[in-house]
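Biologist: Let us go through the terms for this model. Tie each one to its cut-off.

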Amino acid sequence: MRIAQAEVVVTCPGRNFVTLKITTEDGVTGLGDATLNGRELAVAAYLSEHVAPVLVGRDASRIEDTWQYLFQGAYWRRGPVTMTAIAAVDTALWDIKGKVAGLPVYQLLGGACRDGVTVYGHANGDDVDELLEQVARFRDLGYRAVRVQVAVPGIEHSYGVSRDKLFYEPADAASPTQATWSTQRYLSFVPNAIGRVREEFGPELRLLHDVHHRLTPIEAARLGKALEPYGLTWLEDPVPADLQEGFRLLRQHTTVPIAVGEVFSSIWDCHQLIREQLIDYIRTTVVHAGGISHLRRIFDLAALHHVRSGSHGATDLSPVAMAAALHVDLSIPNFGLQEYMRHTDETDAVFPHTYRFEEGCLHPGEAPGLGVELDLEAAARYPYRAAQLPTNRLEDGTVHPW
Ligand code: KDG
Ligand code: MG
């Protein structure tokens, strides 16, 4: 089963997506998401210039061998661009293997460990009243877990707040939007806002909150302690995660569960966090952390250390990545939660899929492979549009993590 063709498709049905489509000599096709928000064309070029030519003629059934060949063979290991490209190849080869076997990918990974994948939505508001309305909307849609984000008075372009309340798309302009940050304003506002959500919705709804890497460990510890009465499922990305040992300080001060990992591209970015039990949820994703094969490796390490999965699933991960995540989520013993931000109708039309939402859970469906297709005609109607993620500055003009 040799690979005959590897094509890169860039389309923008509301936002940019990069997709790798691999076709075998006998006409079986597989898809892999290769979208890296704000840096899409770097991965598209990496794939079409450096990867596609060496894939042609390779045996499509040799997934692990191909992964190692691309990872070790490049010499320049890791990094988001390389690992997103490898992820796309790996995911597409799992899709092909499933189609050839006539089985959904989760069956190849060992079969279902649960009936469905519990997901959380992203509720946000310009103020606390609007946030409460949005949490109610997600609850009424059937979600059992909701991440709560609210605009902080005095902070322009607060993280996580969007005009369209079912999607959150921060990459909105050809040159980056300038956001501002004040730790003081944030820390004095957010705990009460989350307290109001808990008070309104009672103890059962699972609540989460994303700090988006903006605090130092001791500031994050203060926030964690303030949030302890509200029983969060997790506090996400409290600090920039480059310094894995930096989490020790935070861990010593608060019992708020910590979730980290959406920007990680390999097991090397999180092995210390996992081995030292400095986090509770690892949020690496199929698309940015080397595909289904590598994500399984990370989650297996996590399982040994009481860390559960919590894969990133923002709007910028295409339906191909979402489907692949669901096959992994369904089959691992240490699944925690899966983020699910919906896509626009245009995106769903470009990527028809079998996964479905029911009573707070997603299920990947029973179609062989991933259960996602790419409608090339529809994709061609939406050409690439340059869009970058925002940058952030303190009120005195200092650059700060966004
Ligand atoms: O591309 C960046 C987004 O995916 C990110 O800002 C969203 O933090 C995010 C999340 O948890 O969904
Ligand atoms: Mg996040």
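Modeller: Two strands pair if DSSP finds at least two bridges between them. Strands (E, at least two residues) and helices (H or I, at least four) are DSSP runs numbered from the N terminus. The model is predicted: local features need pLDDT of at least 70, side-chain atom pairs count only at pLDDT 80 or more, and totals for chains, interfaces and linings use all residues. Residues are numbered from 1 along each chain as its sequence is written, chains are lettered from A and ligands numbered from 1 in the order written, and side-chain values use heavy atoms, without hydrogens and water.

Biologist: How do you know that β6 and β15 pair?

Modeller: Four bridges join β6 and β15, in the parallel sense. Two would be enough, so they count as a pair. Within β15, Arg393 is the bridge partner of Thr180.

Biologist: What makes β6 and β16 edge strands?

Modeller: β6 (178–181) and β16 each have a single partner strand, so one side of each has no neighbour in the sheet. The order is β6-β15-β16, in an open sheet with mixed pairing.

Biologist: Which strands form the sheet that is antiparallel?

Modeller: The open sheet β1-β2-β3 has three strands. Its edges are β1 (3–11) and β3 (29–33), each pairing on one side only. Neighbouring strands there are turned by 20° against each other on average, direction ignored. Angles run from 0 to 180 degrees between N-to-C directions, with axes fitted to C-alpha atoms, for helices over the stretch in contact.

Biologist: How do you know that β2 pairs with β3?

Modeller: Strand β2 (17–24) has five bridges to β3, and the two run antiparallel. The threshold is two, so this is a pair. Ile22 stands opposite Gly30 in β3.

Biologist: What lies across β1 and β2?

Modeller: Helix α1 (40–55) does, running at about 170° to β1.

Biologist: What is Val28 in contact with, leaving aside its neighbours within four places in sequence?

Modeller: Contact means heavy atoms within 4.5 Å. Val28 touches Ile22, Thr23, Ile96, Lys99 and Val100 by that test. It sits in the loop between β2 and β3. Val100 is 72 residues away along the chain, yet the two C-alpha atoms are 7.6 Å apart.

Biologist: Which domains does the assignment give?

Modeller: Domain 1 (3–104) and domain 2 (108–366). Such bounds come from an automatic or database domain assignment. Their centres, taken over C-alpha atoms, are 26 Å apart.

Biologist: Why does the largest pocket lie between the two domains?

Modeller: Domain 1 and domain 2 both give residues to its lining, so the pocket lies between them. A pocket is an open set of points on a 1 Å grid over the protein atoms alone, with protein on both sides within 12 Å along at least five of seven lines; a cavity is a set where a 1.4 Å probe fits but cannot get out; lining residues have an atom within 4 Å of a point. The largest pocket holds about 970 Å³. Points are joined across faces, edges and corners, and the volume is the space filled by probe spheres set on them. Among its 39 lining residues, His213, Glu262, Val263, Leu389 and Trp402 are closest to the centre. Elements giving two or more residues are α3 (80–101), β15 (391–394) and β16 (399–400).

Biologist: How many residues line the second largest pocket?

Modeller: 32, with Ser162, Arg163, Glu169, Pro170 and Asp172 nearest its centre. The space is about 720 Å³. Each of domain 1 and domain 2 supplies at least three lining residues. By class there are 15 nonpolar, 10 polar and seven charged. Nonpolar means Ala, Val, Leu, Ile, Met, Phe, Trp, Tyr, Cys and Pro; charged means Asp, Glu, Lys and Arg; the others, including Gly, are polar.

Biologist: How many cavities of 30 Å³ or more does the count give?

Modeller: One. The largest cavity has a volume of about 90 Å³. Its lining includes Gln149, Trp181 and His209. β5 (145–150), α6 (183–201) and β7 (206–210) each supply at least two lining residues. The classes are eight nonpolar, three polar and one charged.
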